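Here is a short note on the disulfides, as requested. The points follow below the display.

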Amino acid sequence: MITRTRLAAGVCALLAALTAGLAFPAGAAAGEPTGQDAPKVDLVLDVSGSMRARDIDGQSRMAAAKQAFNEVLDATPEEVELGIRTLGADYPGDDRKTGCKDTAQLYPVGPLDRTEAKTAVATLTPTGWTPIGPALLKAAGDLEGGDGSKRIVLISDGEDTCAPLDPCEVAREIAAKGIGLTIDTLGLVPTAKLSRQLSCIAEATGGTYTSIEHQDELTDRVNQLVDRAADPVVTPVPAEGADRCAGAPTLKSGLYTDREEFGQQRWYRVEVLPGQELRASVSVAADRAVNPDYGVLLRAVTSKGREIVRGEAAGNGRTDVISTGLRYPEPERDDADGDKPAAETVCLAVTHSFSAASGVKATPGLPLELTVDVVDGPSQAGDVAAFGLGRGWWLLGVLILTGFLAGLVWGWLSRWRVAVWRTN
């Protein structure tokens with residue numbers, strides 16, 4: 001499931017880039033990485049009683065996790081601020097209410113002291129419950145502040161035991177805050193139920209789920225995720241759309257994120273000067289079970305309500321993300337008084353036709369990413385799409401010329417062969 005999601009997300013990101021023709025200006029625009037704060041990673045480890053099971057390369061799951069953590073701590077990049085949180089590590093009793101509060105920060109998120117962190121990991125012993133939901137809420141608090149990348153890596157061998165606090169709902173609430181936090185999940189010797197739960201948690205925040213059967217797989221995967229946190233990323237800027245154009249926020253070039261509930265329409269405004277071109281794209285992700293057959297519609301509308309151009313796409317349940325885009329060139333115009341022409345307010349309306357499956361919560365809304373780019377308009381005819389071909393006209397011309405020349409050569413060869421045959 002998560003592989004399909006990551007592939008769909010990657011394809012949609014590429015389509016969005018091609019459709020929008022991203023060309024951010026040299027200055028920092030909305031959604032660009034600033035590099036001001038260090039990336040943060042919180043490793044959340046399940047230390048419940050089931051971690052005693054000896055089914056990972058002949059050793060217990062806890063021993064495999066400790067060995068993996070020691071190797072990860074040695075390889076953590078200097079620029080990454082890393083912390084370790086546990087769940088189910090302290091309370092051995094049977095009281096569910098107390099067991100569901102059993103999560104603690106083993107090592108605080110910050111500059112890494114490898115010796116101190118390894119010493120803390122060495123003290124862990126499989127003990128109690130599996131409060132995944134409460135641990136995720138606390139881990140999100142561990143990563144508060146700063147504008148660097150934030151990542152939670154959850155490692156568990158069993159599903160949450162603290163319902164009705166559903167970990168999937170917790171992950172969706174974290175994602176809805178728009179703080180740019182990603183949750184990656186790893187399942188140790190997972191069951192089908194655990195795989196579904198951990199996949200759901202990861203999908204809600206755009207993270208990944210990985211099934212782990214061996215200790216070296218655990219080490220390699222956690223190392224990859226920690227290293228990924230150090231890579232420069234573009235974090236979408238939260239933007240709360242309105243239910244009508246008049247009250248919509250005005251956006252500049254950049255990448256934005258929002259939530260749109262089922263049956264809702266979100267409006268945004270963009271100022272476009274004469275001679276400029278607006279390029280916009282939107283992606284809507286189904287982070288929960290939805291009914292098949294759905295679509296997304298992106299419209300550019302004037303402030304008076306006249307539709308200018310639209311982009312639309314449809315799906316049938318085979319992908320978790322759907323995207324579309326549009327382009328609108330604002331024509332040049334002369335001002336009679338010689339003053340600088342005023343910008344036109346273009347309203348962008350995003351509508352989707354997803355519907356919740358039976359028993360699925362409608363809130364928070366589905367996550368959407370909106371790319372806005374305002375660039376100088378095309379100055380040459382070749383930059384403007386013509387009959388849907390755009391710059392493909394030159395390729396069409398080459399094909400026609402090649403076919404014409406090939407026909408002449410073939411005709412000449414045929415006549416020569418006939419002439420030779422008649423002579424003989």
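Are C245 and C347 buried or exposed? C245 is buried, and C347 is buried as well. The model is a predicted one, and the points below should be read with that in mind.

1. Overall count. The structure contains three disulfides. With bonded cysteines counted along the chain, the pairing pattern is 1-2, 3-4, 5-6.

2. C245 and C347. These two cysteines are joined by a disulfide, with an S to S distance of 1.8 Å. C245 sits in the loop between β7 (237-238) and β8 (254-260), whereas C347 belongs to strand β14 (residues 344-352), so the bond ties together parts 102 residues apart in sequence. The link is left-handed, with -55 degrees about the S-S bond.

3. C100 and C162. A disulfide connects C100 to C162, S to S 2.0 Å. C100 is in the loop between α3 (96-99) and β3 (103-110), and C162 is in the loop between β4 (150-156) and α6 (167-176), so the pair ties together parts that are 62 residues apart in sequence. The torsion about the S-S bond is about -100 degrees, so this disulfide is left-handed. Both C100 and C162 are buried.

4. C168 and C200. The sulfur atoms of C168 and C200 are 2.3 Å apart, and the two residues form a disulfide. This pair links distant parts of the chain, with C168 in helix α6 and C200 in helix α7 (residues 192-204), 32 residues apart.

5. Burial of C168 and C200. The relative accessible area of C168 is 7%, and that of C200 is 16%. Buried means under 20%, so C168 counts as buried, and C200 is buried too.

How values were computed
Residues are numbered from 1 along each chain as its sequence is written. This is a predicted model: local features need pLDDT of at least 70, side-chain atom pairs count only at pLDDT 80 or more; totals for chains, interfaces and linings use all residues. Side-chain values use heavy atoms; hydrogens and water are left out. A disulfide is a pair of cysteine sulfur atoms within 2.5 Å. Helices (H or I, at least four residues) and strands (E, at least two) are DSSP runs, numbered from the N terminus. Buried means under 20% relative accessible area, exposed over 50%, partly exposed in between (1.4 Å probe, protein chains only).
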